[in-house]
Amino acid sequence: MQKIVIFGKGGIGKSTIASNLAATYALQGLRVLLVGCDPKHDTTVSLTEGRPIQTAVDLPGFMDLRATRDQFVAKGRLGVDCVESGGPEPGIGCAGRGISRTIEILENCGLMKEGTYDVMLFDVLGDVVCGGFAAPLRMGFAEKVCIVASEELMALYAANNIARAILNYSSNDIGLCGVIANLKDPAAPEAAKAGGAAHMDARGTMQRFAGMIGTQVLDFLPRDLAVREAEFQRKTIVEFAPKAPFALRMRSLAAKILKIDPAKVHVPDPLGDEEFHDLSRTGFRGTRARRVVVAAPPSGAMDLAAAADAARRQADPRRRSQLPRADVPDEQLEKAMEAWVKAAPDKGQWKDGPHAMQWGDPVQWRNFFADRETARNYDQHVYLDAPIVGIAHEDLECHYATPFFNDGFMTYHNFKWVQRRERDDRFGEGCIGLTTDIQDADVVHGGSKKLKEALDLALKSSEGKAAILVTTTCVPTVIGDDAVGIIEQYRKKTKLPILFSSPASGQELNLLEFFFKQVRETPEFKAVKPEERSLNLIGFPPGFGRDELTSLLGRTGIQVQSMILPRFSVKEIRDFGKAALNLFYPDPSLRAIYKKLFEGMEIRTLTPVAPFGLENTRRWLCEVGKHFGAEELALRAWDDAARGVSEEWDRARERVAGRKVAFVADAEHVRRLADPSGASGIPIVSFLKEMGLGVDYLVFLEGKEPELPKTDGRHSARWFRTPGELDRLLREGDFDAVYSEYFFDQRLTRAGKPQFSAADMEMGIHGALRSLERLGNICHWKFYGRRGPGRAAVPPAKGRARRKA
């Protein structure tokens, strides 16, 4: 099956050429599918008597790929099957997504299967070659690409840009067959013969341009009045005037394209913008500095060097069982690891590292910490504990990938602040949360209608509410929804404040900062006097753990005035000045917010180690008590509380005796794990050791292996450099669970290992016990070990027949 894509600048004649090629092949008895990938949906009109056909984006089954062939494939003249992707109204939405989705529907209906057609033709707009318009290239459905251009400068400029797209996807077995020259000026050749200017040498200019980008001119199509007449008659020229010069050239061009072997054509070498404009002044005469052209890696490619190294190791049997390992006593290991991470370069990757499972990210295979997702979104979801109507103008995937605080929705990540407790609404009591739930059809046609519907509903539900908060994510920004303009319209309809926040477009509104600054400027706030033995808890995640810490402070005689971040209320902001101390949760993700809001205030500050584990809770409480001269009371309160869980703690420790957990980390993350305030604010390693669990480190090495003493111990370090080595370490390791901040990490389930994360850790004394019991259950859970890849299948239950697949 021949798969041919026709690209070109808008108005250059590509739809005319594509439909005439389809008619030519059909007249030769070939089975032809013509797919119009242009929002104007006019590719097929010359084959359907000028009748616009049903577009894919308007199909009822567009959203979930339920469309059937009969719904969107129209039978044109000569037996050509016709499809139009369609698109949004001009100026809104994203037509590129419509093209991508159309191809997905074609594939889902089986139209892309080998043998269904002899020739498939795609007519694609090429002015802006974004990912959507390049879908036939990106998704691997194109084999032969032809660019339609004229002798005009902007047409050649567009052709050069299209060549860049072809280069980017050349590893998908795509071949640039050449440029189809659709001449605009019929007198250009004669003018050139008569000694016209260099730019008037139409044929020569196009041939030189094609040669410079590493391709050829397939044919020169003449200006022919019969083409215009055929279009008015809603016919192709090969039907309307088969002996016209244009029709004769089309038959020659069609035969030439079929004969080209895409595997034998050159990868294009497009010109740079500056180079293009310099050479165009001379009609592309002269030579250019040649470059080595390297085809782009396949879509989704990972670290090629690592993959090659893994392949070599797999092929060499001597390397398979000789994975580097060091078993050392706890103290010696910590000293050796400390020396190693100090010597390792601090690249700071965790601060602005990759998103989870980012396409083509070379380190995603060894990334188990969701640093970027945590840092980029933390302050976006500080939320007001007041009756408001919240509108999230977003797609649900973005919602799930964003670290909400116990809002009851699924998330792709195991975030540390999602404490184990009953559902905690994203908005406070009396609040209403709405989402526009942007889907594919909204991406194509624009999401403004859904935003207006949500605002209409918000106004109807606004009685007794303090404000309406509208937040938008990346998708509405990318597709060009005018959220600001729409909100301005609705502000005129109500006296209720309508607040707007769009981090994706640089219009971020931090609600806490907004209200905090307003309240701080009031005379009432400035007149407040601090009360002795009172404090503000700042940044402590809500949950049973924070409730217990508040109770312990109360038994020490210390009053909590406000609890701010992630939730806050206007009342707590007003009471904020009554405290004599700001007690901060030691999380690196919150440092910027702390500095922005609280720096320069006269209230004293304290940031002790986070109260995770029995010992760290004791240290935390005693340090706070010491600040107020109540250290003995604090110690007594801790003793009373700890005494109540001591027996259960000992039993839970016995249950995990001999069990181990592991971390997969690079030098930066090993450094953070060793720092009590650097690993998500949780002293996680010391907490695990207090539980009685052994700790293994699977460490990625970029340089030389550190020398560690070779002695047995409860803790160990193992090194890896390639995906294959990491996979074997995970499979063969004698640890019982592995740390990962990615929900349902398949790298671990494939290796037969369960996972744990900071989300399994709770603050306080009873929180420490619950955390230990939870880790015990995880370490004893052998489901993946028994039922993972390569394990025996589960036998059918006795007396019950095995169900057929």
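**Legends to close-up views of a predicted model**

**View 1. Whole protein.** The protein exposes about 36,300 Å², of which carbon and sulfur atoms supply 51% (Shrake-Rupley accessible area, 1.4 Å probe). This is a predicted model, in which local features need pLDDT of at least 70 and side-chain atom pairs count only at pLDDT 80 or more, while totals for chains, interfaces and linings use all residues. Residues are numbered from 1 along each chain as its sequence is written, and side-chain values use heavy atoms, without hydrogens and water. There are 34 helices and 24 strands (DSSP runs, H or I of at least four residues for helices and E of at least two for strands, numbered from the N terminus). Of the 805 residues, 54% count as buried (under 20% relative accessible area, 1.4 Å probe, protein chains only).

**View 2. An open sheet of 4 strands.** The strand order is β12-β11-β13-β14, with parallel pairing (two strands pair if DSSP finds at least two bridges between them). β12 (432-435) and β14 (498-501) are the edge strands, each pairing on one side only. Strands β11 (388-393) and β13 (467-472) run parallel and are joined by 6 bridges. G390 has L469 in β13 as its bridge partner.

**View 3. Helices on the sheet.** Helix α18 (448-460) packs on the sheet and touches β11, β12 and β13 (contact: heavy atoms within 4.5 Å). The direction of α18 makes about 170° with that of β11 (axes are lines fitted to C-alpha atoms, for helices over the stretch in contact; angles run from 0 to 180 degrees between N-to-C directions). Helix α20 (483-491) lies across β13 and β14, at about 170° to β14.

View 4. C622 is buried, at 7% relative accessible area. C779 is also buried, at 0%.

Notes:
Buried < 20%, exposed > 50% of the residue type's maximum accessible area, 1.4 Å probe, protein only.
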